[in-house]
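Let's take a friendly walk through a protein model. Please have a look at the picture first, and then read on.

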Amino acid sequence: MGLETQPQDPNSPSTTNKKLTLIPLIFLIYFEVAGGPYGEEPAVQAAGPLLAILGFLIFPFIWSIPEALVTAELSTTFPGNGGFVIWAHKAFGPFCGSLMGCWKFLTGVVNTAAFPILCVDYMKKLFPVFASGLPRTLAILLSTVILSFVNYTGLNIVGLAAIGLGVVSLFPFVIMSIMAVPQIRPHR
């Protein structure tokens, strides 16, 4: 469920080719793209439940299928461990490739700072002590340090942590959906 090691040629140097397996990859993509299920409430409030559900079901296909096809084509054309940094380098030169890498690093820093704040904002609804002051600052600092440490430990641990965080963040939605099934009145 974590990393799989590819078989090697016995005559090659002793390097292991590790790749991420499917389930951790799915959860990593989920958190990279959506950041979890939180924040969808304003969409439901603005558009209503039917249009919001239709949007959540249709929009990923309109956006994701072309994105996946472009990514697959570029990844096979320019194989390497660097993704869009390599693509920008090959298309526009080393300066643009370097800019792309810096921008991706900057977005990672911003996301690493934003998600703990979002999490503490949700926690303050359950625990008002996190509304302001020292407890809020310590909770944000502690979650940032923990997430940074998890990222430092490597891809296998990050994938497993993404699975754990995904299950924890989706669990309330699954429970509420199960609780809502008896309340469905199709005749309304």
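## A predicted model

Keep in mind as you read that this is a predicted model. Two packed helices are described by the angle between their axes and the distance between the axes. You will meet both numbers for each pair.

## Where H5 meets H6

Let's begin with helix H5, residues 94–126, and helix H6, residues 133–153. Their axes come within 9 Å and cross at roughly 135°.

Which residues make the contact between H5 and H6? On the H5 side you can find Thr 112, Pro 116, Ile 117, Val 120, Asp 121 and Lys 124. H6 brings Arg 136, Ala 139, Ile 140, Ser 143, Thr 144, Leu 147 and Ser 148. Sorted by class, the contact of H5 with H6 has six nonpolar, four polar and three charged residues.

## A closer look at Arg 136

Arg 136 sits in helix H6. Is Arg 136 buried or exposed? Its relative accessible area is 18%, and buried means under 20%, so Arg 136 counts as buried.

The side chain of Arg 136 makes a polar contact with the side chain of Asp 121, at 2.9 Å. Setting aside residues up to four places away in sequence, Arg 136 touches Ile 117, Val 120, Asp 121, Lys 124, Phe 130 and Ala 131.

## Where H6 meets H7

H6 also packs with helix H7, residues 155–180. The angle here is about 135°, and the axes are 7 Å apart. That makes H6 oblique to H7.

In this contact, Leu 147, Val 150, Asn 151 and Thr 153 of H6 meet Ile 157, Val 158, Ala 161 and Leu 165 of H7. By class, the contact of H6 with H7 has six nonpolar residues, two polar ones and no charged ones.

## Phe 78, in a loop

Now move to the loop between helix H3 (49–77) and helix H4 (84–92), where you will find Phe 78. With a relative accessible area of 28%, Phe 78 is partly exposed.

What does Phe 78 touch, leaving aside neighbours within four places in sequence? Its contacts are Ile 86, Trp 87 and Lys 90. Phe 78 and Lys 90 are 12 residues apart in sequence, and their C-alpha atoms are 8.4 Å apart in space.

Terms used:
Residues are numbered from 1 along each chain as its sequence is written. This is a predicted model: local features need pLDDT of at least 70, side-chain atom pairs count only at pLDDT 80 or more; totals for chains, interfaces and linings use all residues. Side-chain values use heavy atoms; hydrogens and water are left out. Axes are lines fitted to C-alpha atoms, for helices over the stretch in contact, and angles run from 0 to 180 degrees between N-to-C directions. Helices (H or I, at least four residues) and strands (E, at least two) are DSSP runs, numbered from the N terminus. Contact means heavy atoms within 4.5 Å. Ala, Val, Leu, Ile, Met, Phe, Trp, Tyr, Cys and Pro count as nonpolar, Asp, Glu, Lys and Arg as charged, and the others, Gly among them, as polar. Buried means under 20% relative accessible area, exposed over 50%, partly exposed in between (1.4 Å probe, protein chains only). A polar contact is a pair of N or O atoms within 3.5 Å; within protein, one must be able to donate a hydrogen and the other to accept it, and residues adjacent in sequence count only if both atoms are side-chain atoms. Angles under 35 degrees count as roughly parallel, over 145 as roughly antiparallel, 65 to 115 as roughly perpendicular and the rest as oblique.
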